[in-house]
Amino acid sequence: MKTYEAVGVVETLYFTVAIEMLDEMLKSSNVEFLRKETTLGGKLITLFVGGSVSEVSNAIELVKKLGEGKHINHLKNAIVISKPHPEILKYVISSEKIINEETLKVNK
């Protein structure tokens, strides 16, 4: 399984807001999209990104600025987890992603 120096977690209201925030994070920082969780019928969205501590921190700061400006009251929480425990990564990284990475290794 791939490891990450840091994992960023963003919780926001509304799917479209989450997609916009994810797009901005991926464009502005060298982070990898890991997973999404939806609750309340897609009204509450949690996004997970991974990468280096500095890149994940940069992505999370950008989201916080969006939450203070354009999407005021939509951002519920945004955190950086540095040096995540391997058990957390098992929870965060989807099983499909793990299978795809293992398949790529076998095919090389």
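Which residue in strand 3 is the bridge partner of A6? The bridge partner of A6 in strand 3 is G51.

## Basis

The model is predicted: local features need pLDDT of at least 70, side-chain atom pairs count only at pLDDT 80 or more, and totals for chains, interfaces and linings use all residues. Residues are numbered from 1 along each chain as its sequence is written, and side-chain values use heavy atoms, with hydrogens and water left out.

Helices (H or I, at least four residues) and strands (E, at least two) are DSSP runs, numbered from the N terminus.

An open sheet is formed by four strands in the order 2-3-1-4, with antiparallel pairing; two strands pair if DSSP finds at least two bridges between them. Strand 2 (32–39) and strand 4 (75–82) are the edge strands, each pairing on one side only. On average, neighbouring strands of this sheet are turned by 15° against each other, direction ignored.

Strand 1 (residues 6–13) pairs with strand 4 over seven bridges in the antiparallel sense, and V10 has A78 of strand 4 as its bridge partner.

## Strand 3 and G50

Strand 3 (residues 44–51) contains G50.

G50 counts as buried because its relative accessibility is 2%. E32 has G50 as its bridge partner in strand 3. The C-alpha atoms of G50 and A6 are separated by 5.8 Å, although these residues are 44 apart along the chain. Beyond its neighbours within four places in sequence, G50 is in contact (heavy atoms within 4.5 Å) with residues including Y4, V7 and V56.

## Helices

The axes of helix 1 (residues 15–28) and helix 2 (residues 53–68) come within 9 Å and cross at roughly 140°. Axes are lines fitted to C-alpha atoms, for helices over the stretch in contact, and angles run from 0 to 180 degrees between N-to-C directions. The two helices are therefore oblique to each other, a class left after angles under 35 degrees (roughly parallel), over 145 (roughly antiparallel) and 65 to 115 (roughly perpendicular).

M21, E24, M25 and S28 of helix 1 make the contact with N58, A59, L62, V63, L66 and G67 of helix 2. Helix 2 also lies across strand 1, strand 3 and strand 4, running at about 170° to strand 4.

Terms used: Buried < 20%, exposed > 50% of the residue type's maximum accessible area, 1.4 Å probe, protein only.
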